[in-house]
Amino acid sequence: MATKKFKAESKRLLEMMINSIYTHKEIFLRELISNASDAMDKLYFKSMSENIGITRSDMAIKIEADKDARTLTITDNGIGMTKEELENNLGTIAKSGSLAFKTENEKTEDVNIIGQFGVGFYSAFMVAKKVTVISKAYGSDEAYIWKSEGVDGYTIEEAEKSSYGTQIILEIKDNAEEENYDEFLTPFKIKSLIRKYSDYIRYPIMMDTEHEKLKEGSENEYEKEIVTETLNSMTPIWKKAKSEITDEEYNGFYKDKYYDYDEPLAHIHTRTEGTATYTALMYIPAKAPYDYYSKNYEKGLTLYSSGVMIMEKCADLLPDYFSFVRGLVDSEDLSLNISREMLQHDRQLKLIAKSLEKSIKNELKKLQKNDREKYEKFFDAFGTQIKYGIYESFGANKDSLQELLMFKSSFGTYTTLEEYVSRMKEEQKYIYFASGSSVARIEALPQTEMVKDKGYEILYFTDHVDEFTIQMMHDYSGKEFKSVSADDLGLETEAEKEELKKTEEDNKELFDFMTEKLSGKVKAVKLSQRLKTHPVCITSEGMLSVEMEKVLSAMPEEQARSAKAQKILEINAEHPIFAKLKSLYETDKDAVASYADILYTQALLIEGMAIDDPVGFTNKLCEIMAK
Ligand code: ADP
């Protein structure tokens with residue numbers, strides 16, 4: 001009989017399992033029981049939809065530990081596997097595509113992979129030196145035996161098995177210096193692992209255990225008796241009364257089910273009756289999963305119909321802007337036989353989704369109000385998603401999402417828009433914002449000078465999507481958003497405006513000359529109304545800001561990359577450089593052209609923009625320095 005090789009990635013994962021220094025080796029039992037439970041779910045589902053007549057109560061998981069033979073056996077009467085399924089399911093990792101191994105056998109890597117994916121069946125190799133799987137698919141006459149001692153490969157042969165289902169036999173490793181493998185053969189350890197990880201499994205997990213009992217007719221003589229015990233309570237956590245569940249249990253369920261090491265920030269456990277009858281248990285994670293902002297991330301809640309899982313990830317239950325929520329929904333209103341296709345159009349499902357969305361929003365608002373620290377953590381992880389929600393709907397979701405928004409501000413902390421508005425000065429017309437790659441960079445922006453000087457608060461936009469989002473919102477509670485780089489800041493008095501206009505007219509020729517020299521780079525050179533001490537800055541006219549240009553220029557689409565802001569070079573009339581420009585204009589026009597270019601480039605640098613001609617810029621600067 002030929003030994004078959006594992007697929008390359010499976011082999012690597014296996015190697016990691018065998019040499020695992022992972023401290024939670026005990027999770028192998030949870031993984032195998034969960035597979036057994038899934039297999040029974042599949043059979044139950046089949047039975048329901050094809051009227052086969054197998055019921056839940058016909059199914060059970062059996063565990064046997066044999067200390068002498070060092071074997072731990074897990075038997076289920078689920079759907080079983082055909083020869084091909086044994087080959088495909090156990091010879092390759094199902095999720096191989098998403099498993100990106102960077103370095104092999106590194107401790108952190110090891111833990112991460114186990115933590116993030118839950119490696120399923122292969123985790124058996126953390127505790128077993130040999131794994132045997134005997135399986136018979138439901139409805140088939142043939143059974144097969146799959147055996148493997150690790151990375152060298154596996155064998156599959158025909159076998160005898162009286163009834164359908166799967167039996168997994170682990171030959172437990174010998175005790176090592178730092179590892180006590182023996183304990184996995186003791187009823188005490190097995191019981192405690194099942195209570196810890198698999199209590200809510202909906203099929204009984206049974207084990208024969210030895211007890212002592214008084215010998216009949218005797219008062220002090222004992223005899224041994226074998227009792228079959230059910231080790232799990234079988235009630236899914238979401239079916240229990242809220243008052244019966246501790247936070248620890250809620251969090252434990254989350255961590256086990258979603259392979260997350262961090263406690264969730266909050267859980268939402270709701271039961272609703274009426275137009276839509278369902279129970280939901282949802283969690284807000286503390287951190288974004290590593291692939292959250294990639295195409296690979298799949299949103300969705302697990303969908304159960306009266307306790308039977310019908311879909312692992314039902315995407316229609318969550319709007320994109322709440323795609324970070326994890327959890328499940330159990331409803332009596334959905335038919336078991338419903339197909340994915342039909343589910344999309346199901347009215348009941350839509351009602352449930354609407355109602356869930358409301359619960360999630362309320363929970364987030366509650367968190368925002370009662371536990372700011374947690375909410376900020378949440379917003380750091382998922383705030384961008386909320387902003388996309390407003391942007392991508394062209395502002396249609398504004399009303400439902402705007403209260404969830406927060407921005408850093410010149411007043412030092414994260415602020416909601418409601419809080420910003422409540423702090424606005426009486427004469428203040430706009431909600432001001434400034435954009436940049438970091439808070440430190442924004443704080444140094446010359447454009448913020450005047451606004452700050454007035455004592456107005458400025459929102460700091462450090463997220464790429466920020467400006468796009470508020471452009472879709474237009475205003476908050478009637479107050480328009482205004483960039484500190486915008487045309488008309490609404491800061492100066494009529495008299496001040498007049499004066500600026502006059503100085504500009506007096507120097508029209510100079511400005512026209514500089515504009516011409518910078519043609520193709522800026523739309524105009526103007527006097528600034530927003531600078532106090534700084535010499536120059538770049539602002540823009542129209543819908544597209546300099547910051548937006550920066551974001552778009554990093555995009556792959558040609559059209560996005562060619563979008564340019566209409567830039568204005570602003571000069572501070574109070575700065576000595578302005579006097580210098582004026583006098584040079586009378587004596588040395590070439591120098592003015594040079595200065596214009598240098599000032600423009602400096603303004604670009606302040607904005608953190610790429611400069612057009614770094615060599616030309618340095619040469620010009622040196623020329624002046626050498627004078
Ligand atoms: P996952 O369960 O995450 O898909 P596993 O490596 O645990 O990954 O299992 C791979 C596949 O093997 C399962 O998806 C399932 O199809 C099959 N399988 C595992 N255990 C059993 C079992 N006890 N009965 C039937 N099929 C099983």
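Reader: Which residue stands opposite Met-207 in β7?
Author: Ile-63 stands opposite Met-207 in β7. Strand β1 (residues 61-66) and strand β7 (residues 205-214) are paired in the parallel sense, over 3 bridges. Two strands pair if DSSP finds at least two bridges between them; strands (E, at least two residues) and helices (H or I, at least four) are DSSP runs, numbered from the N terminus.

Reader: Before we continue, what kind of model is this?
Author: This is a predicted model, in which local features need pLDDT of at least 70, side-chain atom pairs count only at pLDDT 80 or more, and totals for chains, interfaces and linings use all residues. Residues are numbered from 1 along each chain as its sequence is written, and side-chain values use heavy atoms, with hydrogens and water left out.

Reader: What is the mean pLDDT of the protein chain?
Author: The mean is 88, and 93% of the residues reach 70 or more; pLDDT is the predictor's confidence in each residue, from 0 to 100.

Reader: Where does pLDDT stay under 50?
Author: Over residues 94-112, for which the model has 30 contacts beyond four places in sequence. Contact means heavy atoms within 4.5 Å.

Reader: Back to the sheet: what is the order of its 8 strands?
Author: The sheet is open, with mixed pairing, and its order is β5-β4-β3-β6-β2-β1-β7-β8. β5 (154-159) and β8 (222-230) are at the edges with a single partner strand each, so one side of each is left without a neighbour in the sheet. From one strand to the next, the twist averages 20 degrees.

Reader: Which strands does helix α2 lie across?
Author: Helix α2 (residues 27-50) lies across β1, β2 (71-76), β6 (165-172) and β7, and runs at about 20 degrees to β2. Angles run from 0 to 180 degrees between N-to-C directions, and axes are lines fitted to C-alpha atoms, for helices over the stretch in contact.

Reader: Now helix against helix: at what angle do α16 and α19 pack?
Author: Helix α16 (residues 508-517) and helix α19 (residues 576-587) pack at about 90 degrees, with their axes 10 Å apart. They are therefore roughly perpendicular to each other; angles under 35 degrees count as roughly parallel, over 145 as roughly antiparallel, 65 to 115 as roughly perpendicular and the rest as oblique.

Reader: Which residues of α19 meet α16?
Author: Phe-578, Leu-581, Lys-582 and Tyr-585 in α19 meet Glu-509, Leu-510, Phe-511, Phe-513 and Met-514 in α16.
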